[in-house]
Amino acid sequence: MTDTTAPTLYETIGGAPVLREMVDRFYDLMELETEFTGIRVMHPPSTDGSRDKLYFFLTGWMGGPDLYIEKFGHPRLRARHLPYAIGTSERDQWLRAMAWAMEDTGIEESLRVRLMESFYQTADWMRNKPD
């Protein structure tokens with residue numbers, strides 16, 4: 001019997017090693033590029049914990065192990081981000097850094113487009129301040 005189940009995004013992206021590389025590149029860009037200063041200042045001096053949390057979250061979100069839920073419970077994304085003033089500029093910085101990270105990591109273009117559509121919807125929903 002053949003398994004006809006489509007691979008998860010987690011599997012399609014390349015699993016843990018590629019996802020970790022993508023998340024680390026995202027935070028490296030945030031630390032290196034001045035165009036991301038607006039979102040960098042929302043993070044603690046060391047981004048180690050933030051890197052792990054995004055990696056854990058995206059792992060489960062993409063259909064891999066539910067690492068974030070196992071460690072922290074339900075993500076409650078909007079509630080967890082309410083203390084931070086997120087407007088269009090911050091949304092766009094986050095999306096630009098993620099697009100750049102995916103490209104640098106070698107994520108295939110059609111998959112990048114698919115992911116960016118979902119990332120945009122979530123990032124736009126996270127806005128909590130007028131522009």
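Tutor: This is a predicted model, in which local features need pLDDT of at least 70 and side-chain atom pairs count only at pLDDT 80 or more, while totals for chains, interfaces and linings use all residues. Residues are numbered from 1 along each chain as its sequence is written, and side-chain values use heavy atoms, with hydrogens and water left out.

Student: What volume does the largest pocket have?

Tutor: A pocket is an open set of points on a 1 Å grid over the protein atoms alone, where a 1.4 Å probe fits, with protein on both sides within 12 Å along at least five of seven lines. Grid points are joined across faces, edges and corners, and the volume is the space filled by probe spheres set on the points. For the largest pocket this comes to about 900 Å³.

Student: Which residues of the lining lie nearest the centre of the largest pocket?

Tutor: Lining residues are those with an atom within 4 Å of a point. The lining of the largest pocket divides into 19 nonpolar, six polar and four charged residues, where Ala, Val, Leu, Ile, Met, Phe, Trp, Tyr, Cys and Pro count as nonpolar, Asp, Glu, Lys and Arg as charged, and the others, Gly among them, as polar. Of the 29 lining residues, those nearest the centre are Tyr27, His43, Leu77, His81 and Trp94.

Student: Which helix gives the most to the lining of the largest pocket?

Tutor: Helices are DSSP runs (H or I, at least four residues), numbered from the N terminus. At least two lining residues come from each of α2 (15–32), α4 (48–61), α6 (77–81), α7 (88–105) and α8 (109–125). The greatest contribution, seven residues, is that of α4.

Student: How are α2 and α4 oriented to each other?

Tutor: Their axes, lines fitted to C-alpha atoms over the stretch in contact, are 10 Å apart, and the helices pack at about 140°, with angles running from 0 to 180 degrees between N-to-C directions. Angles under 35 degrees count as roughly parallel, over 145 as roughly antiparallel, 65 to 115 as roughly perpendicular and the rest as oblique. The orientation of α2 and α4 is therefore oblique.

Student: How are α7 and α8 oriented to each other?

Tutor: The axes of α7 and α8 come within 10 Å and cross at roughly 160°. The two helices are therefore roughly antiparallel.

Student: What classes of residue make up the contact of α2 with α7?

Tutor: The axes of α2 and α7 come within 8 Å and cross at roughly 130°, an arrangement that is therefore oblique. In this contact (heavy atoms within 4.5 Å), residues of α2 including Met22 and Phe26 meet residues of α7 including Trp94 and Met98. By class, the contact of α2 with α7 has ten nonpolar, one polar and three charged residues.
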